[in-house]
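Dear colleague,

I am passing on a structure that you have not worked with before. Please look through it below, and then read the notes that follow.

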Amino acid sequence: MTGDSSPSVPPVRPSALDPAVAARLKRDENGLFAAVAQQYDTGEVLMVGWMDDEALHRTLTTGRCTYWSRSRKEYWVKGDTSGHTQRVVSAALDCDGDAVLVKVDQAGAACHTGDRTCFDAGALPVTAPAGPAAT
C-alpha cells in the first residue's frame with residue numbers, strides 16, 4: 001500500500017502460518033496488516049479488518065475469517081457472536097505484502113452496525129469533474 005521497501009516487522013504473536021507465506025508479509029509495528037473482505041460473486045467490498053500471521057493462518061485453515069481486534073487485543077471470528085459469518089472462498093496478498101484480499105461468502109450484515117457493508121453509511125460527496133482521471 002505504501003510502496004515502502006523497508007523490511008517488515010517480525011510477527012508479534014506465535015503462529016503456525018506457512019513460513020513461505022509469512023516471509024511475504026509486510027507488517028506494521030504491531031505485527032498487523034490490512035485485510036479486505038470482498039463478496040466473492042459481486043465484488044462488493046464488505047469491510048476492512050486487521051490480521052496478524054496467526055489470524056491469517058486461522059482464516060486459511062478454518063475457512064472462516066479471523067481478525068485481530070486492536071482494541072480488545074484478541075482474535076475474533078466474524079460471525080461467532082452475530083451469526084453473520086464470512087466463509088472464505090479465496091485469499092491473495094497484494095503486490096507489497098502489506099494487505100490481504102479475502103473473497104468471502106457473507107451471511108447477513110458485514111458491519112457491526114447491521115449494514116450490509118461497513119461502507120454503506122459513509123458515502124462522501126465527490127465534486128471532481130466527470131471525465132478521464134488526471135495524470
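Predicted model: local features only at pLDDT ≥ 70, side-chain atom pairs only at ≥ 80, totals over all residues.

Cys65 counts as buried because its relative accessibility is 0%, and buried means under 20% relative accessible area. Although Cys65 and Gln86 are 21 residues apart in sequence, their C-alpha atoms are 5.9 Å apart in space.

The largest pocket holds about 520 Å³ of space. It is lined by 23 residues, of which Met47, Arg72, Trp76, Lys78 and His112 are the closest to its centre. By class, eleven of the lining residues are nonpolar, eight are polar and four are charged. Strand 2 (45-51), strand 3 (66-69) and strand 4 (74-77) each supply at least two residues of this lining, and strand 2 gives the most, with four residues.

Strand 2 is also where Val48 lies, and Val48, together with Val45 and Phe119, makes a nonpolar surface patch of about 260 Å². Val48 is classed as partly exposed because its relative accessible area is 44%, a value that falls between the 20% limit for buried and the 50% limit for exposed.

With best wishes

Methods:
Residues numbered from 1 in each chain as written. Heavy atoms only, no water. 1 Å grid on protein atoms, 1.4 Å probe; cavity = no way out; pocket = protein on both sides within 12 Å on 5 of 7 lines; lining within 4 Å. Points joined across faces, edges and corners; volume = space filled by probe spheres on them. Nonpolar A, V, L, I, M, F, W, Y, C, P; charged D, E, K, R; others polar. Patch = residues over 30% accessible without salt bridge, like charges linked within 9 Å, V, L, I, M, F, W, Y side chains within 5 Å. Areas by Shrake-Rupley, 256 points an atom, 1.4 Å probe, with all protein chains shown as cover. Salt bridge = Lys/Arg side-chain N within 4 Å of Asp/Glu carboxyl O. Buried < 20%, exposed > 50% of the residue type's maximum accessible area, 1.4 Å probe, protein only.
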